[in-house]
Amino acid sequence: MPLSLLVSQLLNGIAVGMLYAVAALGLSIIKGLLNIPNFAHGAFYAVGAYLLYAVVSATESFWLGLVVATVVAGGLGVLVEWFGVRRLYGGAYLFQLLLLFGVSLVVTELLIVLWGPEGKSLSPPDFLQGALIFSGIFYPKYLLFTTVAGAVIIVAVWLLIERTRYGAIIRAGIEKTEMVSALGINIEVLFTLAFAFGAGLAGLAGALAAPIVGITATMGIDMLAMAFVVLVIGGLGSLYGAVFAGLLVGITQSLVALYWPSASTILIYVAMVLILLWRPQGLLGER
Amino acid sequence: MLLDVRDIHTFYGLSHVLHGVSLSVAEGRVVALVGRNGAGKTTTLRSIVGLTPPAEGSVVFEGETISGRKAYRNARSGIAYVPETRDVFSLLTVEENLRIAEDAASPWDVERVMRWFPALADLRDRKGSQLSGGQQQMMVIGRALVTGPRLLLLDEPSQGLAPVIVNDVLAMLKDLKTEGLSVLLVEQNIRMALELADDVYVMEHGAIVHHAAPDALAKDPAVLERYLGVAA
């Protein structure tokens with residue numbers, strides 16, 4: 001196996017891992033603050049991909065497409081939280097799961113109604129087409145872009161959560177919801193915003209992924225499963241465990257695909273089981 | 001009257017905890033609520049702030065009925081609650097703990113709290129979980145002050161603190177009283193309650209069973225013994 005191929009595949013894995021990390025970070029915020037397993041996360045991801053496709057088809061603007069994908073997925077998150085999820089806070093997991101799984105099915109079907117059952121493909125914008133080639137390593141520009149964009153998003157989210165008053169309120173709310181409301185903070189609005197924020201991150205991840213993985217109404221299902229795996233491996237209580245585990249999973253998957261392509265996905269699940277046996281709280285989770 | 005609690009009944013699920021509690025706090029007064037464990041003191045405070053809303057009766061604050069409103073609105077209208085468990089945000093720094101509560105209209109801003117408790121200023125960047133019990137208590141009182149309260153609900157501020165620290169907390173509360181802050185204080189430490197309060201209510205089994213001035217109560221060994229288990 002030539003080294004250059006290994007490096008190419010590693011770079012590929014980092015880009016995919018960034019997408020996992022961004023999607024899982026959204027899932028992690030929703031799980032952490034609202035204690036809700038967002039089974040509609042994959043649907044928001046697919047919505048993001050279709051919106052990028054629609055906006056690029058209509059206006060040719062990739063940047064506008066990313067913004068619309070994020071904002072509309074977030075807006076959809078507001079609706080889902082407002083009309084559905086908020087009635088189930090503190091209730092049984094089963095109901096939350098059923099509601100969000102239902103939302104996911106409805107959204108997936110709507111995408112098919114609107115855009116048809118066959119998948120769509122979207123090429124990267126002109127300035128991100130082609131590849132960088134250095135010492136035999138083939139690095140598509142769009143993957144480089146995805147990696148940089150993922151890193152920028154993660155750092156921006158980190159700054160928002162760790163360095164702003166809103167972020168401090170979110171961290172306080174994750175720990176002691178009731179006390180936050182006793183300090184005069186409208187926790188319901190905070191919950192809606194957090195859900196929308198997580199959904200927006202899913203939409204953005206979906207849009208970024210669209211030129212790489214292609215666009216189908218069910219694309220979110222694979223991502224949802226992977227995002228939960230990433231969340232569990234990283235540690236459910238840890239916001240940033242998702243980032244670390246996302247990269248780890250992306251890279252592992254890509255490298256394994258070189259040697260044993262058919263096992264690259266199943267191996268991640270096996271790894272999850274082993275990690276859970278060794279550290280039930282996940283890699284960065286705390287007990 | 002700043003606060004009027006009128007015949008409230010509060011439940012936790014099916015269990016009936018408060019059986020018609022009435023009490024009032026006048027502007028600028030410190031009122032103590034004492035009684036044994038499980039008498040319903042904490043539930044009374046939680047009912048007032050709206051975390052465990054009463055099923056019957058009403059809470060009137062500054063002439064407005066506030067029972068039935070959400071806790072965050074009651075907090076914004078000037079009721080600050082310091083729980084028995086203190087509820088420090090352990091992952092936030094001391095400064096962040098105060099900052100998220102800060103209201104621009106409060107006479108107390110974060111810097112004033114830091115000047116008032118110089119110990120906190122030195123611990124500004126320390127995480128909430130790294131503070132001692134006494135430091136935590138100072139911080140959560142500071143956190144209540146920066147919300148700009150007209151009434152402070154204080155649940156067992158002396159609990160779990162060394163006697164020396166209890167004296168510090170007592171001195172602090174006396175300062176606040178001098179400033180004219182109105183306080184409803186729940187306290188197991190009778191000496192502290194009697195020293196601070198202008199007015200004392202005694203609770204048992206979810207009801208007010210005695211209401212007296214602190215001097216009168218101090219001279220009433222029968223009441224102290226019966227409801228508080230204190231041999232005076």
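**View 1. Contacts and overall form of chain A.** In chain A, 75% of the contacts with a separation of 6 or more join residues 24 or more positions apart; contact means heavy atoms within 4.5 Å. This is a predicted model: local features need pLDDT of at least 70, side-chain atom pairs count only at pLDDT 80 or more, and totals for chains, interfaces and linings use all residues. Residues are numbered from 1 along each chain as its sequence is written, chains are lettered from A and ligands numbered from 1 in the order written, and side-chain values use heavy atoms, without hydrogens and water. Chain A has 11 helices and two strands. Helices (H or I, at least four residues) and strands (E, at least two) are DSSP runs, numbered from the N terminus. The radius of gyration of chain A is 19 Å, which agrees with the value near 19 Å for a compact globule of 287 residues. That radius is taken over C-alpha atoms, and the globule rule is 2.2 Å times the number of residues to the power 0.38. The C-alpha atoms fill a box of roughly 60 × 50 × 35 Å along the principal axes.

**View 2. The six-stranded sheet of chain B.** The sheet is open, with mixed pairing and the order β6-β7-β8-β3-β9-β10. Its edge strands, β6 (79–82) and β10 (207–212) of chain B, each pair on one side only. Two strands pair if DSSP finds at least two bridges between them. From one strand to the next, the twist averages 20°. Axes are lines fitted to C-alpha atoms, for helices over the stretch in contact; angles run from 0 to 180 degrees between N-to-C directions. Helix α10 (residues 221–228) of chain B packs on the sheet and touches β3, β9 (199–204) and β10 of chain B.

View 3. All five residues of β8(B) (residues 182–186) are buried, meaning under 20% relative accessible area with a 1.4 Å probe, protein chains only. B:S182, B:L184 and B:V186 point one way; B:V183 and B:L185 point the other. Strand β3 (residues 30–35) of chain B pairs with β8(B) in the parallel sense over four bridges. There, B:A32 has B:L185 as its bridge partner.

**View 4. Strand β7 of chain B between two parallel neighbours.** β7(B) (residues 151–155) pairs with β8(B) in the parallel sense over five bridges. B:L152 is bridged to B:V183 in β8(B). Four bridges join β7(B) to β6(B), also parallel. Here B:A80 stands opposite B:L152.

How values were computed: Buried means under 20% relative accessible area, exposed over 50%, partly exposed in between (1.4 Å probe, protein chains only).
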